[in-house]
Amino acid sequence: MNFAFTEEQDMLRKMVRQFVDKEIMPYIKEWDEQGKFDPNILKRLGELNLMGVCIPEKYGGSGMDYNSLAIVCEELERGDTAFRTAVSVHTALNSMTLLQWGNEEQKQKYLVPQAKGEKIGAFGLTEPNAGSDVKAMNSTAVKEGDYYILNGQKTWISLCDMADHFIVFAYTDKSKGHKGISAFIVERTMPGFSSKAIKGKLGIRAGNTGEIFFDNIKVPKENLLGEEGEGFKIAMSALDNGRFSVAAGACGLIMACLEASVQYCHERKTFGKEIGQHQLVKQMIANMEAKLQMARLLVYKAGWLKNQGIRNTRETSLAKWKACDFAFEAANDAVQIHGAYGYSNEYPVERHLRNAKAPVIYEGTREIHTLMQADYVLGYRQDKPLRKMLPAWPFEEEKDLVEH
């Protein structure tokens, strides 16, 4: 085992942290209050080559390993969940899915500009009546000549108004149940596509979230991702990547709660001493630190498995479940440490608490992950080999450089 970060990873963390401190921290309170998403952040992340950090260089990415994506997500969520969410959706759910399942033509057309940050990718699986129960989706894609006619809608879609490309899922044969679901690459500019933001969210208010609608969209047959009927497997493997990045982000939120709480512990005095001197406050600080370290171990183990090219659905599920629970608990304690001030947006911890709730729900509720973990232990669930796997790291071009 090697728990050390490489020099390149340390430099990456430093760069993202500096970016967050300069580009996000001074403005996030205002963005959160206004419910405003600043698309310039994505542009700047693209300029820093962070929108395709773990995508091979031959496809426009930085060619770094999968744990480097975890570092980026951790540091971005330290600033705000909205911007980690954007990278999770663009890179983990969309671009890594194209890397795993796309053919060469699709990779050149869609993955390359996304990895460079020139185009933004998103992901559409959830529907008004289909969340954890994916099979309950109503979207359909009917083959007509060289096109699929796509109808339906998706909801709770991050970057709904910002993304250029969407990986979406629809039934091509409902009689086959989940084996009748297929995946498609849809462009915003295709006639019949529309989107609408959701307002009044509890948290992640600085993020763009909403619905996308398909009204007889003619999707070229070349935009079928994978094979017909393979959509459910593609969606679940995409969630392995998304959950990994969500879990990494949760570590960043715990880190943000710790930083704010430690600072406040030294500033605030009660009964003649800093509140950090009170034992029950120390207990909350200690619990935050323990949860941060435990969550990181789970996350970076999952990333190591990804680097080896080993399927990691079980490990990623556990990391997502526990890291997100830990983050919510840390944010709750951070508010408690701040007392009445924690209930005001004068301090960032009330925003952290609001933001921390959504990840406990999306990409598999904690209840779904609890059942998954029990089923693994009881032997009721086993992961079968996939037709296509995410490429191991180092990527082929990286190996060639080392060998020569």
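A cavity here is a set of points, on a 1 Å grid over the protein atoms alone, where a 1.4 Å probe fits but cannot get out. Volumes are the space filled by probe spheres set on the points, with grid points joined across faces, edges and corners. This is a predicted model, where local features need pLDDT of at least 70 and side-chain atom pairs count only at pLDDT 80 or more, while totals for chains, interfaces and linings use all residues. Residues are numbered from 1 along each chain as its sequence is written, and side-chain values use heavy atoms, with hydrogens and water left out.

Start with the largest cavity, at about 120 Å³. Its lining (residues with an atom within 4 Å of a point) includes Gln-100, Asp-240, Lys-306, Arg-311 and Leu-390. Helix α7 (residues 231-267) gives the most, three residues; helices are DSSP runs of H or I, at least four residues, numbered from the N terminus. By type, the lining splits into four nonpolar, five polar and three charged residues.

Around it sit Glu-77, Ala-250, Leu-253, Cys-324, Ala-327, Ala-356 and Pro-359. That makes six nonpolar residues, no polar and one charged. Helices α7, α9 (313-338) and α10 (349-361) each supply at least two of the lining residues.

Now for open space. A pocket is an open set of points with protein on both sides within 12 Å along at least five of seven lines. The second largest pocket has a volume of about 700 Å³. Of its 21 lining residues, Asn-2, Phe-3, Asn-67, Tyr-300 and Trp-304 lie nearest the centre. Helices α1 (7-24), α4 (66-79) and α8 (279-308) each put at least two residues into this lining, and α8 has the largest share, with eight. The pocket lining comes to nine nonpolar, eight polar and four charged residues.

Last stop: Thr-91, in helix α5 (residues 81-101). Thr-91 counts as buried (under 20% relative accessible area) because its own value is 0%. Leaving out residues up to four places away in sequence, Thr-91 touches Met-51, Cys-54, Leu-69 and Met-96, where contact means heavy atoms within 4.5 Å.

How values were computed:
Nonpolar A, V, L, I, M, F, W, Y, C, P; charged D, E, K, R; others polar. Buried < 20%, exposed > 50% of the residue type's maximum accessible area, 1.4 Å probe, protein only.
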